Amino acid sequence: MKYTLPPLSYEYNALEPYIDAQTMEIHHSKHHQGYIDKLNTALEQYPVLQEKSLSSLLSHLAEIPEDIRETVRNNGGGHYNHTLFWETLSPSPQKSPQGNLLKKIEETFGSLKKVQDTLTQTALNRFGSGWGWLWTDTQGNLFISSTPNQDSPLMKGGIELLGIDVWEHAYYLSYQNRRADYIAAWWQLVDWGIVEKRYNNIIS
Ligand code: MN
């Protein structure tokens, strides 16, 4: 079975003025599609791997045949990360978590504001291309960190709750070198209701 591009639940222009329509269209229909195409090509000769879930492939990279391991890491990671990225954004987002996740955030970091500040700094400090993450372990403990390229916490046993793409393709048309402005705009679109739902599914 081949991987296919998941449709967005909103239009390309729905996230304006924070993320412009052209950036959305190129990011989704070219970049994300590109990761999927390369992943499918890499798996063509390995029907056994095609039967496994993407998260299972990415969390057991050492078991992937060496000739396609880097390709699966980069492009499987690209597909996985972008799927999450689109899902957690909304033109009319819920501005805060409310239940379990808010409680855990306050316990761990002090406040939602502190999470936003820390993830912003972490994403800002990522040198070159990569991602900033809020993620959990299977016990529900929360962590903030960043990864290069299309790596993710999943590759080290974590589960992503929220990720910000800081590759230049995510923001250059509107923000050029102003990564901080893009990150501030991105926060306006984060739907904490969706993030909390992910968290509850993991810890339940
Ligand atoms: Mn991207």
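A residue counts as buried when its relative accessible area is under 20%. The views below come from a predicted model.

**View 1. Asn75 in helix α4.** N75 is found in helix α4. With a relative accessible area of 9%, N75 falls under the cut-off and is therefore buried. Leaving aside residues up to four places away in sequence, N75 touches G34, Y35, K38 and L39.

**View 2. The manganese site.** Four residues of the protein donate to the manganese ion: H27 through NE2, H82 through NE2, D165 through OD and H169 through NE2. Along the sequence, the donor residues follow the spacing H-x54-H-x82-D-x3-H. Distant parts of the chain are linked by the pair H27 and H169, which are 142 residues apart. H27 belongs to helix α1 (residues 21-43), whereas H169 sits in the loop between β3 (159-165) and α7 (172-175). Both H27 and H169 are buried.

**View 3. Helix α8 and its surroundings.** Helix α8 spans residues 179-187, and its R179, Y182, I183, A185, W186 and W187 are buried. The buried residues of α8 pack against α4 (66-87), α6 (112-125), β3, α7 and α9. One of the buried residues, W186, touches F85, L89, L119, L162, G163 and I164, with residues up to four places away in sequence not counted.

**View 4. The nonpolar cores.** The largest nonpolar core holds 39 residues. Those with the most contacts inside this core are L89, L134, L162, Y182, W186 and W192. At least two residues of the core come from each of α4, α5, α6, β1 (130-136), β2 (142-148), β3, α8 and α9. Helix α8 gives the largest share, five residues. Another core, of 16 residues, lies apart from this one and includes L39, L58, L61 and V72.

**View 5. The crossing of helices α5 and α9.** The axes of α5 (residues 100-109) and α9 (residues 192-203) come within 8 Å and cross at roughly 90 degrees. The two helices are therefore roughly perpendicular to each other. On the α5 side the contact is made by N100, L101, L102, K104 and I105, and on the α9 side by W192, V195, E196, Y199, N200 and I203. Sorted by class, the contact has seven nonpolar, two polar and two charged residues.

Methods: Residues are numbered from 1 along each chain as its sequence is written. This is a predicted model: local features need pLDDT of at least 70, side-chain atom pairs count only at pLDDT 80 or more; totals for chains, interfaces and linings use all residues. Side-chain values use heavy atoms; hydrogens and water are left out. Axes are lines fitted to C-alpha atoms, for helices over the stretch in contact, and angles run from 0 to 180 degrees between N-to-C directions. Helices (H or I, at least four residues) and strands (E, at least two) are DSSP runs, numbered from the N terminus. Angles under 35 degrees count as roughly parallel, over 145 as roughly antiparallel, 65 to 115 as roughly perpendicular and the rest as oblique. Contact means heavy atoms within 4.5 Å. Ala, Val, Leu, Ile, Met, Phe, Trp, Tyr, Cys and Pro count as nonpolar, Asp, Glu, Lys and Arg as charged, and the others, Gly among them, as polar. Donors are N, O and S atoms within 2.8 Å of the metal (3.2 Å for Na, K and Ca); water is not among the atoms, so sites may look incomplete. Buried means under 20% relative accessible area, exposed over 50%, partly exposed in between (1.4 Å probe, protein chains only). A nonpolar core is a set of buried Ala, Val, Leu, Ile, Met, Phe, Trp, Tyr and Cys residues joined through side-chain atoms within 4.5 Å.
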